[in-house]
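Colleague: I would like to go through this model one topic at a time. Please give the criteria as you use them.

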Amino acid sequence: MRIAVDVMGGDLGPRGMVAGAARAFEEYGSDMILVGDERIIRSELRELGKSESPLEIMHAPESISMDEDPLSAVRHKRDSSLVVGARLVRDGSAGALVSAGSTGALVAAGPLVVGRIPGVARPALATPIPTTGNPCVMLDVGANPECRPEHLLQFAVLGAAYAASVFHIERPRVGLLSNGAEASKGNAVTVAAHKMLEDQSRLEFVGNVESRLLLQGVADVIVTDGFTGNIALKLMEGVGLTIFEMVREAAASSMRAKVGGLLMKPALRSVKARMDYSEYGGAPLLGLSGLLVKAHGSSNAKAFANAIRVAGEAMDSGLTLRMREGIGNLGAIPEAE
């Protein structure tokens, strides 16, 4: 199946997105449909020296800007690149859509255009985060600022399906983000969700996980609401960048430090790569009948190419089928008291 690529979104605009798509084609052999204004796409391909590229183009004359109301834009801008790409997924003409555009518009287009897996109350954005061991999947990271306990239970099932399909973990360990390890810690939603997760024998629930342990590899899946998850994700990105800037300044502070910095440079470069969001690609919107992947808004060509790679891997892994099975096995979920 081909991957539909919305090349009109993102902070860098069509130039960065088309360059990222071309890079994904060259490095990963990704079969894509570039969705957007055809005149602009062909112009960018010429600038890249790839005017003879075999990549298919789907003309979409409109685009959705970051400052538009997401729901209204998705409903009324039916010829926008994001909505056209989502329709390609819905109709089976593409196996996935990748976009660096408005997160809100992507989240709105998921249920409205592509449709949810039967039984899923709310799709959730999931993203890999680096740990001292293998990457961990955290969700939700922005789609649902407010959640009920049963939503967090479904997120756990969707996240476990992702970890099993993409990271090949046979029985992923699921943790619930909270402000203490005890079952009684957290707000009312977290405490009720803890009880629901504990009662699910199909999940390997390891209990509450405090934020200081997020990067320690204590779980393969971390579940939280979209407000908390988004803050945690951006905090981790900011702390990582700040630490490396501090190390760079310290390494330049004296001749002795400069020599030590040169010796440490290969190791530091390896650590930086593990912390770099561009290496991990995009965040899939889990719980849909088709695959939508949100690339970072500030994605450069490398990051966007990796988002396309992630979409291809998820598409080929049987993720959607595994999510359907997991949600189906939950059955009716009693509402928390």
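Predicted model: local features only at pLDDT ≥ 70, side-chain atom pairs only at ≥ 80, totals over all residues.

Colleague: Which helix holds both R309 and E313?

Modeller: Helices are DSSP runs (H or I, at least four residues), strands are likewise (E, at least two), and both are numbered from the N terminus. R309 and E313 are four residues apart, about one turn of the helix. Both lie within residues 301-316, which is helix α11.

Colleague: Is E313 buried, partly exposed or exposed?

Modeller: Buried means under 20% relative accessible area, exposed means over 50%, and partly exposed is in between (1.4 Å probe, protein chains only). E313 has 38% relative accessibility, so E313 is partly exposed.

Colleague: How many salt bridges are there by this rule?

Modeller: Side chains of opposite charge can pair when their charged atoms come close. One of the pairs is E68 with K77, at 3.0 Å from N to O; E68 is partly exposed at 23%, and K77 is partly exposed at 21%. Another is K195 with D199, at 2.7 Å from N to O, where K195 has 47% relative accessibility. The count by this rule is 14.

Colleague: Which strands pair with β10?

Modeller: Two strands pair if DSSP finds at least two bridges between them. Strand β5 (residues 124-129) runs antiparallel to β10 with two bridges, and A124 stands opposite L286 there. On β11 (residues 291-294), K294 stands opposite A283 of β10, and three bridges join these antiparallel strands. The partners are β5 and β11.

Colleague: Which residue in the turn of the β10 and β11 hairpin has a positive phi?

Modeller: Four residues lie between the two strands of the hairpin. The phi of about 105° in that turn belongs to G287.

Colleague: Which residues of β10 are buried on each side?

Modeller: β10 covers residues 283-286, and both of its faces are covered. A283 and L285 are buried on one side; on the other, the buried residues are P284 and L286.

Colleague: How much space lies in the largest cavity?

Modeller: On a 1 Å grid over the protein atoms alone, a cavity is a set of points where a 1.4 Å probe fits but cannot get out, and lining residues have an atom within 4 Å of a point. Grid points are joined across faces, edges and corners, and the volume is the space filled by probe spheres set on the points. The search of the whole structure finds one cavity of 30 Å³ or more. Residues lining the largest cavity include D6, M8, S63 and L82, and its volume is about 50 Å³.

Colleague: How many disulfides does the rule give?

Modeller: A disulfide is a pair of cysteine sulfur atoms within 2.5 Å. The rule gives a count of zero. For C136, the nearest cysteine sulfur is that of C147, 17 Å away. C136 is buried at 0% and C147 is buried at 14%, and the number of disulfides is zero.

Conventions:
Residues numbered from 1 in each chain as written. Heavy atoms only, no water. 1 Å grid on protein atoms, 1.4 Å probe; cavity = no way out; pocket = protein on both sides within 12 Å on 5 of 7 lines; lining within 4 Å. Salt bridge = Lys/Arg side-chain N within 4 Å of Asp/Glu carboxyl O.
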